[in-house]
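Please walk through this model with its sequence and coordinates open.

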Amino acid sequence: MMPSVDAACVHLLALLMALAVPAQAREPNNVCVDAVSYLPLDAEMVGLDSNGVPALGTYERISPDGRFVLRSFSGARLGEVSLIELPADTAGRLAVYRTPLSNEAFPVQGTWRYVVDVDGRHFRFADVVQQQEQAKPRFQGGMRGFYAAAAELTRVKSDDKSLVWIRSMSWPQGDRGGQGTGPLQVRTMGVRDQGDLVEVVSDSGPQFICGARGSVDGGVYTLPMISVDGLEFSAIPINPRVGQPSMRVYGLANDALAAAHPCDLRVDLHAAPGKAVFGFAGARSAMLIYTDNASVYFVDRHPALRDQVFRIEDTQTQVLASAFPGLTRDGRIVFGASWKECPSRGVCLDRAGYVVADPYQNPDYRQQLQRLGLSPDKACITRRDVLQERRRFATQHGLKP
């Protein structure tokens, strides 16, 4: 039976209207995220700092999906270390979790399977989210002391699927007075994770590293940070024998229990900013990001771009980054900051919270790539990318999306 003329007209009209809608509007998850967006904290949730704005942490780490911020020196209202849960977009609300952790606690990067306290106790991240202050440590190991950074060696393959390799590095051991006064150390351990039972089955023990670089870099480094895959680290040699102190990237051994580490120089930023933080590797080497003079910068490690530094542009007024930033697996840059929100009419409002930026939409970065005839890893980060990473992370940790 043929459709009526009226029905055919209605169908044709609907088809034409659908075609008239831009493809991005028909597929909202394919649209680019905002180049820069702001997520303000609620003072009633986190308390106020000495400047009368919602309190930020002093040290903050960003989960691979950008959903969680682990922050130390969180303020009297939330205890030493708290978790801030960020929404997928600016329309959502932020949530806050208390933890049993001590200041300078650090997530095991790459997966965030565990969070390690400064005394070497490792907590399962999902336990901290679900049980908060009641979470109990699963095992103890790795570097200890004032500060340690850790990463899971996800590239190390093993027939034993329950075996997890964790590499940690630290400033010299001792109290806070010994901060940054000696050589760096690393320690790699194999952990068999069988759910309720987690045990350390291999351990390299503490290893002093980079001794062979003494004639060039000296023996004292500061601001160390390990890469998300545990195969590189960044640090500033305080008293280099050659050149001036600058943030540099060095290589670590690929083998989990290697007897020595190469410490081969891979990048020299020729600047001495705050900690240089690693992103996840894309089509090219992983990006580096850092904070300097309360602004956030990123570096693409492509050889043609290595000497180029790009600043995150501000869409608000007086944006001041408060701690070193983080990079998500999909490439977003996230950092704590304060800013003034100034409407077109009225009084500017003091805000504090988290800034989320898409480096691929940075105008200077795009211009430089075009000038050099290079293609970016992606045109932009899409909402679909964000939701996919959040689902991946939630599934990995048994959390609700």
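Which residues of helix H6 (residues 363–372) are buried? They are Tyr365, Gln368 and Leu369, where buried means under 20% relative accessible area, exposed over 50%, and partly exposed in between (1.4 Å probe, protein chains only). These residues cover an arc of only 100° around the axis, which puts them on the same side of H6; the arc is that of the directions from the helix axis to the C-beta atoms. An α-helix has 3.6 residues a turn, so residues three or four places apart point the same way. On the other side of H6, Gln367, Gln370 and Arg371 are exposed.

Before going further, some conventions. This is a predicted model, in which local features need pLDDT of at least 70 and side-chain atom pairs count only at pLDDT 80 or more, while totals for chains, interfaces and linings use all residues. Residues are numbered from 1 along each chain as its sequence is written, and side-chain values use heavy atoms, with hydrogens and water left out. Helices (H or I, at least four residues) and strands (E, at least two) are DSSP runs, numbered from the N terminus.

The cover over the buried residues of H6 includes strand E21 (295–299) and strand E22 (310–311), judged by contact, meaning heavy atoms within 4.5 Å. At the start of H6, a side-chain oxygen of asparagine 362 comes to within 3.1 Å of the backbone nitrogen of aspartate 364. Just after H6, glycine 373 has a positive phi of about 70°.

Over the whole protein, the secondary structure comes to 7 helices and 26 strands. Of its 401 residues, 50% count as buried. Among contacts between residues at least 6 apart in sequence, 53% join residues at least 24 apart.

H7 (residues 383–397) has 15 residues and reaches 21 Å from its first C-alpha to its last, close to the 21 Å expected at 1.5 Å a residue; the expected span is 1.5 Å times one less than the number of residues. Buried in H7 are Val386, Leu387, Glu389, Arg390, Phe393, Ala394 and His397. Seen down the axis of H7, these buried residues fall within an arc of 160°, so they line one face of the helix. They pack against strand E3 and helix H4 (125–131). Just after H7, glycine 398 takes a positive phi of about 70°.

Strand E3 (residues 68–72) is mostly covered, with 5 of its 5 residues buried. E3 pairs with strand E2 (residues 59–62) in the antiparallel sense over 4 bridges; two strands pair if DSSP finds at least two bridges between them. In that pairing, tyrosine 59 stands opposite serine 72. The hairpin of E2 and E3 has 5 residues between the strands, and in it glycine 66 takes a positive phi near 75°. E3 is also joined to strand E4 (residues 81–85), by 5 antiparallel bridges, and there arginine 71 stands opposite serine 82.

Elsewhere, 4 strands form an open antiparallel sheet in the order E15-E16-E17-E18. Strand E15 (221–226) and strand E18 (265–268) are the edge strands, each pairing on one side only. The twist averages 25° from one strand to the next, with axes being lines fitted to C-alpha atoms (for helices over the stretch in contact) and angles running from 0 to 180 degrees between N-to-C directions.

Where does arginine 248 sit? Arginine 248 belongs to strand E17 and is buried, with a relative accessible area of 5%. Its side chain makes a polar contact of 2.6 Å with the side chain of aspartate 217. A polar contact is a pair of N or O atoms within 3.5 Å; within protein, one must be able to donate a hydrogen and the other to accept it, and residues adjacent in sequence count only if both atoms are side-chain atoms. Another, of 2.9 Å, joins the side chains of arginine 248 and serine 246. Serine 246 lies in the loop between E16 and E17 and is buried, at a relative accessible area of 4%. The C-alpha atoms of serine 246 and leucine 269, 23 residues apart along the chain, are separated by 6.5 Å.
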